[in-house]
Amino acid sequence: MISFNLLIAVSLAYVAFLFAVAFAAERRAAQGKTAWLRSSAIYTLSLSIYCTAWTFYGAVGYAARSGLEYLTIYLGPTLVMIGWWGLVRKLVRIGRTQRLTSIADLISSRFGKSTGLGVLVTALAIVGTTPYIALQLQSVTQAMGVFAANSGEVWGPSDLNRSAMWVAMGLAVFTLIFGTRNLDAHERHHGIVLAIAVEAVVKLFALLAVGIFVVWGVAGGLGPTRALIDASAQAQWAPMPSRWIGLIFVSAAAFLCLPRMFQVLVVENADERVLSTASWAFPTYLLLMSLFVVPIAVVGLDLMPAGANPDLFVVTLPLREGRDGLAILSFLGGFSSATSMVIVATLALATMVSNHIVAPSWLNARMPGAVVSGDVRRVVVMSRRISITAILGLGYIYFRVSGGGEALAAIGLVSFTGVMQVLPAMIGGVFWRGANRWGAVAGISIGFAVWAWTQFLPSFGVDAMLSQAVFERGPFGLSWLRPHALFGIEGIDPLVHATVWSMMLNAGAFVLVSVLTFPNPLERLQGAQFVNVYEYSSGARAWSHSAAQAEDMLVMAQRILGSSEAQALFRAEAAAQGKSGLLPDVTPDFLSHLERELSGSVGAATAHAMIAQLTEGAMVSVDDLIAVADEAAQIMEYSSQLEAKSAEQERTARALREANEKLTAVSIQKDAFLSQISHELRTPMTSIRSFSDILRDGEVDDTARRRFAGIIHDETNRLTRLLDDLLDLGVLESGQVQLNIGEGRLSDVLDRAVMASGIDPARVRIERTPAHEGVTLRTDLERLTQVFINLISNAAKYCAAEKPRLRIKVRQTQGATEVDFCDNGAGIPPEFESMVFEKFSRLEDQGKAGGAGLGLAISRQIMTALGGDITYLPGQGGAGFRVSLPAAAAAPAP
Amino acid sequence: MTPPAIPPTPPPRRRTEFLDRGSYRQRRLRDAARLMPVLGAVLMALPLMWPRDRPDQSLTSSGIIYLFGLWAILVVLAFVLSRLLRYGAAAAPGGDAER
């Protein structure tokens, strides 16, 4: 017969041992010896807080009532862990790069560091977890009650309450000491992690010991145990398919979403590599934890008196067999399960409460713009301590109010489905960049409401929270809102009903609202960070105010403004500050200037956010900004492409318009050409005919005859010249021209042209720059001379200035030699500019020109044949023509 | 024509189309690792289809043997995969093929 006092003494010794372990771990960590604290074994064991007292004691009771269904609670997490590469690894990576402190932080941070979402998730977590804490207190006190009864004492409710209070207080002290010692960025608690790892070993050892004892010590081996199972009430395994699958899903989801699991899985993780070990080691742990559950249940049902609580078989069976030591070990196992869960859950919740509710309210309550100094730390630690006390107090009150018993036992799965409502936002946030804050708020709120209505409130029992009438006819007679038959669909298992509806409506609202609304810039930034965590996390560096800042700003600005613009901007700013190079000091002026520049490209809000993040952001690294900048650059590139396209279309349209104008003009000219040519031919012909008539009649004297013959001769020459020109043009236009390529100097060609044009140097002054004319040409020199003569004589003919002056300029450009002929005359009116190279185009009436207006047309054909070009140069203070020779035709003189 | 003092932003990371055998094997192993939960879930749901016409069919004891056997196999597979998956291979050429 074991004395109750011995149990208390052993328990206290155990607790003291845990304190010592935690202290030792903290000491080692403080000395920097954290390597073994980060080992995969410690990590795997810390995950075992998934196995609470509910599973330590309750699994056997579950198996006694529903056979193998209890396994679903372990199979779900197994699936999550063996699939670690896909999801858990990503969560852990995000947790590390974003320095997440809780699951509320994950959701809030992903959706633009939203305070509201943090509060919402925190509230959900409190509602979902407080009953669970109460359940742990109940388990421990019930087990204590068993020992008390065993030693002859009969425990009333007040004894249970008192012991529950002591346990709660002990847990509060432990959590306060080891949970708020440090406030480092990673929120790692080495003492607590090591203590729960030790507890994990104790509870596994205890359950295995009880299991081995029951199978080989009581039942008599594996064969008889199997016979016992086959003979029990649970002989046939007939799972309800929807419940089997639904429960595996719920437990898998809860494994990810429970605040305490997130705490150990992500927040306390110091090294991703331990995951690969945990991926098989944790399923092994779960396997061992559940291995002997059915045998214990079956043997308990067989041996224990009818009506014995199967939830306590783990303790009562050894006691009945007189194995007091084993019973105490078993008690310690359950105690470990309960305490480790409560400690971590309280810690996780307290972190959430203080980070998402207390700290923001405190900051808001202060004067806006007040300087936030180091005393924030103190406030956070304080609020966390208060939160821990409050949450444990809440758990205790819940335990007192609910009065324990069956209602509380059912809370395990209710709690699971509650916290599971974070799942769509979490998975969506991690894999879908389009997920946004409003979607998350809508999804979680609706899921929360559906869960509360279909599962949480009904879990208190009929007429406790909801009346019988509501269950049967719905609220206000709205039968489609009955808690267990939403939308009138009846006959579904309540848990499956709640799971399916809450998940469907939650995920549906999340996706729909995300699709329909717009995220803010910070959300998009965070979205890119989370979804593409593997690409951004490699070089995450902290922001520091240094020259690197200006450089990183330049990198960012280059992505948005374009390299040359950004560099010009930075160089100008640096020059204004009296610095050389590209990197100015980061002054407020410069920042506002840069912000304005950026806002021209990406809009004011984004630019402001980007600059603000760059200058203040301890959270946002350069890579984050580059992520947004890349996106902006893509958008800008696209719009500039569009712009370029429309500009190109405009250019094409203009070219078409010009071509059309030209065609119209040319067609008019074609008509003019015919009349011109007949006119040009007829005028000399007329005079030739008239004078030859006179000569034929012979009634003229000798002087007149000579004069008339001279006129006829001149007119014939003119006709010949005209016909020569026309022929020349015809040959050139048909492209059959024979080029006579030779070498010569440009200056010689010009000399010859000036000479041959026969202009009077006294009348027209020709300005040349011989220094530039020393270019050796390899082309048809005769033809080129012809072009030059044409241009020079044109200038002499048409230049109406008082003192005509022709400037001949030679210029070497990339790939061409350009010879400009500019006079100081009136120039060519713009409307005729496009016409000067056409045949028979003369600005004034013929006669003065003494030519047929073919000179420039021929010149252009020649230049085209020579591979060069001749163009009209507007804006030269007179008529200007540019003759371009290809580089192949010209080489600088040696 | 002064050359820009800062080189233009680097071109976007190129995705390699062809990998050597080692990297290819790694990627397929990652695919396998991602599919593990699907395999596990299907096999866990399999007993739902066991015949239950007579009371001596689909015994709980058979269920225990099947489920724990499956569990052990999944653990062994996860163990083998965790040994084969090179964690640091994220920095392999071509980047971490997360898609």
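Hi everyone. Let me start with one word: a residue counts as buried if 20 or more other C-beta atoms lie within 10 Å of its own. Keep that in mind as we look around, and please remember that this is a predicted model.

With that word in hand, let's go to helix α15 of chain A, residues 293-303. How many of its eleven residues are buried? Nine are, so this helix is mostly covered. They are A:Val293, A:Val294, A:Pro295, A:Ile296, A:Ala297, A:Val298, A:Val299, A:Gly300 and A:Leu301.

What do these buried residues pack against? Within chain A, their partners are α4 (58-66), α10 (190-219), α11 (222-231), α14 and α16 (313-320). Helix α2 of chain B, residues 60-84, packs against them too.

That brings us to chain B. This chain has two helices and zero strands. Of its 99 residues, 18% count as buried.

Now, how does chain B meet chain A? There are 38 residues of chain B in contact with 42 residues of chain A. On chain B's side of that contact, α1 (21-45) and α2 each supply at least two residues. Which helix gives the most? That is α2(B), with 13 residues.

Next, back to chain A for a pair of helices. Two packed helices are described by the angle between their axes and the distance between the axes. Here the pair is α2, residues 40-47, and α14, residues 274-291. Their axes are 9 Å apart, and the helices pack at an angle of about 45°. Therefore α2(A) and α14(A) are oblique to each other. Their crossing is right-handed.

Which residues make this contact? From α2(A) we have A:Ser40, A:Tyr43, A:Thr44 and A:Leu47. From α14(A) come A:Val274, A:Thr277, A:Ala278, A:Ala281, A:Phe282 and A:Tyr285. In this contact, seven residues are nonpolar, three are polar and none is charged.

One last stop: helix α9 of chain A, residues 157-179. This helix has 23 residues and reaches 31 Å from its first C-alpha to its last, close to the 33 Å expected at 1.5 Å a residue. Its buried residues include A:Leu160, A:Ser163, A:Ala164, A:Val167, A:Ala168, A:Leu171 and A:Ala172. As you look at that list, here is a handy rule: an α-helix has 3.6 residues a turn, so residues three or four places apart point the same way.

Terms used: Residues numbered from 1 in each chain as written. Chains lettered and ligands numbered in written order. Predicted model: local features only at pLDDT ≥ 70, side-chain atom pairs only at ≥ 80, totals over all residues. Axes fitted to C-alpha atoms, helices over the stretch in contact; angles between N-to-C directions. Helix = DSSP H or I, 4+ residues; strand = E, 2+ residues; numbered from the N terminus. Parallel < 35°, antiparallel > 145°, perpendicular 65-115°, else oblique. Left-handed = near helix turned anticlockwise from the far one by under 90°. Contact = placed C-beta atoms within 7 Å. Nonpolar A, V, L, I, M, F, W, Y, C, P; charged D, E, K, R; others polar. Expected span 1.5 Å × (residues − 1). Buried ≥ 20, exposed ≤ 12 C-beta atoms within 10 Å, placed from the backbone.
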